[in-house]
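I opened my notebook to look around a protein model and write down what I found. Come along with me, one entry at a time.

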Amino acid sequence: MKKIRLIAMLACVLTGLSFTACGPGVVDTGELGVVTSWGRVTGEVKGPGFFFVGLGSGVTTMSIQVQAYETEASAASRDLQDTATKLVLNYRLQPEKVTQIFSDLSLSYRERIIIPAVQESVKAATAQFNAEELITERSKVKAAIEKALTDRLDPYGIAVDNVSITDFDFSQEFTDAIERKVAAAQSALQSENLLRQVQVEAQQAVARADGEARAILTRAEAQAKANVLISGSIDETLIRYNLASSIGPGVKVIVVPTGS
């Protein structure tokens, strides 16, 4: 009877464990479930929905949606200027490689792979540009970081969707030097504009003087022609006529010298 009771108790325990292990689970949308059996990855993957597993088996869910990682990485530019790059990395796990990722990295893939890859990629990309180019050639810097990250993360089954550079911070000495350069450029531009204004005003003054000289010459030539015409048309009869015409009708007495 004792043996029978012992066997029955063991059967109940095993049945309970079996029911516990075979209980239902759920994989949410945007996730995949990696199936393990006694701690070993089986290669089976559960899609979104309910699932059942056998005794000794388990399911670890992993997100395959786009995830964001924001950080700041320090590096030196090609001209040896210290810079801090703030960026956001959008990445996702490749669905067909979730079992590989879980086998190699478990759930700590961000700490073990992504974070070091971001730091190294930013350093490698930043070293290709001068400090000023990091600002003026931001699109090229972004592309260089994306390529470096893709080369580093793709072998692990992690896809790079996008990299956004939010800011560059430089040393105070470099910032001051840039401000002085900008101020000098603005001053030079202002002087150049002033010089152009003076040149334009001088050209306008020359044009006005030339116009006035031409006008004077034209008037003088016209007057000379008029004088020639007038001198050719004056005679004694015309003079007498003009004199008579100029005497007003109200004059009553005219004194004329004898013989005139």
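Predicted model: local features only at pLDDT ≥ 70, side-chain atom pairs only at ≥ 80, totals over all residues.

Entry on the whole chain. I noted seven helices and eight strands in the secondary structure. Of the 260 residues, 23% count as buried. I also looked at contacts between residues at least 6 apart in sequence, and 69% of these join residues at least 24 apart.

Entry on two helices. I picked α2, residues 98–105, and α3, residues 109–126. How do they pack? Their axes are 10 Å apart and meet at an angle of about 100°. Angles of 65 to 115 degrees count as roughly perpendicular, so I wrote down α2 and α3 as roughly perpendicular to each other. On the α2 side, I101, D104 and L105 make the contact, and on the α3 side, Y109, R112 and I113 do. I sorted the residues of this contact into four nonpolar, two charged and no polar.

Entry on V45. I found V45 in strand β3, which covers residues 40–46. Is V45 buried, partly exposed or exposed? Its relative accessible area is 35%, so V45 is partly exposed. Setting aside neighbours within four places in sequence, I saw V45 in contact with L32, G33, V98 and T99. I then checked T99: V45 and T99 are 54 residues apart in sequence, yet their C-alpha atoms are 7.6 Å apart in space.

Key: Residues numbered from 1 in each chain as written. Heavy atoms only, no water. Axes fitted to C-alpha atoms, helices over the stretch in contact; angles between N-to-C directions. Helix = DSSP H or I, 4+ residues; strand = E, 2+ residues; numbered from the N terminus. Parallel < 35°, antiparallel > 145°, perpendicular 65-115°, else oblique. Contact = heavy atoms within 4.5 Å. Nonpolar A, V, L, I, M, F, W, Y, C, P; charged D, E, K, R; others polar. Buried < 20%, exposed > 50% of the residue type's maximum accessible area, 1.4 Å probe, protein only.
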